[in-house]
Amino acid sequence: MGWPAVFARLDWPALLLYAGAIAWVIGYDTIYAHQDREDDALIGIKSTALLFGERTKPILAVFYTLAVALIALAGWSVGAGIVFSLGLVAFAAHLSWQIWRLDIADPANCLVVFKSNRDAGLILFGAFVIDAMRLLPPI
């Protein structure tokens with residue numbers, strides 16, 4: 001909502017960022033859904049955990065790669081610099097760690113990995129903010 005508030009229009013960088021966020025949400029929501037996939041199956045809820053099943057890790061890799069790529073395009077298309085790029089690498093590394101660490105058969109593990117997305121978000125937000133600070137006029 002910030003983009004249209006500032007520019008009075010909706011441009012590609014905002015749409016790319018939004019699409020990247022959706023891909024990231026599908027990934028971490030799938031991790032969360034694995035905590036109670038048996039209950040979902042019993043009561044007929046269709047979740048991505050049930051849909052992806054044992055293919056969850058490679059599918060997470062696709063969604064997380066898409067998230068990183070779209071967020072990168074959004075940032076670079078507005079002139080984000082090296083700090084953003086380094087933060088994006090850290091964000092991607094954290095998402096890769098999540099896939100490596102994830103054990104879909106262990107609900108407690110799924111909760112820990114899901115909650116680690118707070119850290120992923122802080123990494124990405126910090127990269128955006130610190131990089132944007134270089135554009136501020138000197139005081």
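# Exercises on a predicted model

By the rule used here, the count of salt bridges comes to 3; such a bridge is a side-chain nitrogen of Lys or Arg within 4 Å of a carboxyl oxygen of Asp or Glu. The model is predicted, and local features need pLDDT of at least 70, side-chain atom pairs count only at pLDDT 80 or more, and totals for chains, interfaces and linings use all residues. Residues are numbered from 1 along each chain as its sequence is written, and side-chain values use heavy atoms, with hydrogens and water left out.

## Exercise 1: Salt bridges

Determine the partner of aspartate 131 in a salt bridge, and classify aspartate 131 as buried or exposed.

**Solution.** 

Step 1. Aspartate 131 is bridged to arginine 134, and their closest N and O atoms are 3.2 Å apart.

Step 2. The classes are as follows: buried means under 20% relative accessible area, exposed over 50%, and partly exposed in between (1.4 Å probe, protein chains only). Aspartate 131 has a relative accessible area of 3% and is therefore buried. Arginine 134, at 44%, is partly exposed.

Step 3. A second bridge joins arginine 118 to aspartate 119, with 2.5 Å between the closest N and O atoms. Here arginine 118 is exposed at 59%, and aspartate 119 is partly exposed at 27%.

Step 4. A further bridge links glutamate 38 with arginine 37, the closest N and O atoms being 3.7 Å apart. Glutamate 38 counts as partly exposed because its relative accessibility is 46%, while arginine 37, at 16%, counts as buried.

## Exercise 2: The largest nonpolar core

**Solution.** 

Step 1. A nonpolar core is a set of buried Ala, Val, Leu, Ile, Met, Phe, Trp, Tyr and Cys residues joined through side-chain atoms within 4.5 Å. In soluble globular proteins, nonpolar side chains tend to be buried together.

Step 2. The largest such core has 21 residues, of which Trp24, Ile31, Leu88, Phe91, Leu95 and Leu102 touch the most other members. At least two residues each come from α2 (12–33), α5 (56–77), α6, α7 (107–115) and α8. Helices are DSSP runs (H or I, at least four residues), numbered from the N terminus.

Step 3. For isoleucine 31, contact (heavy atoms within 4.5 Å) is made with Leu60, Tyr64, Gln98, Leu102, Cys110, Val113 and Phe114, not counting residues up to four places away in sequence.

## Exercise 3: The nonpolar surface patch

Name the residues that make the nonpolar surface patch, and the helix that gives the most to this patch.

**Solution.** 

Step 1. Patches are made of residues with over 30% relative accessible area and no salt bridge; like charges are joined within 9 Å, and nonpolar side chains (Val, Leu, Ile, Met, Phe, Trp, Tyr) within 5 Å.

Step 2. Ile82, Val83, Leu86, Phe125, Val129, Ile130 and Met133 make a nonpolar patch of about 690 Å². Accessible areas come from the Shrake-Rupley method with a 1.4 Å probe; for residues, only the protein chains shown count as cover.

Step 3. At least two patch residues each come from α6 (82–101) and α8 (117–133), and α8 gives the most, with 4 residues.

Step 4. Valine 129 is placed in helix α8 and, with a relative accessible area of 33%, is partly exposed.

## Exercise 4: A residue in a loop

Locate serine 47 and decide whether serine 47 is buried or exposed.

**Solution.** 

Step 1. Serine 47 is found in the loop between α3 (37–43) and α4 (48–52).

Step 2. Because its relative accessibility is 13%, serine 47 counts as buried.

Step 3. Not counting residues up to four places away in sequence, serine 47 touches Ala33 and Asp40.
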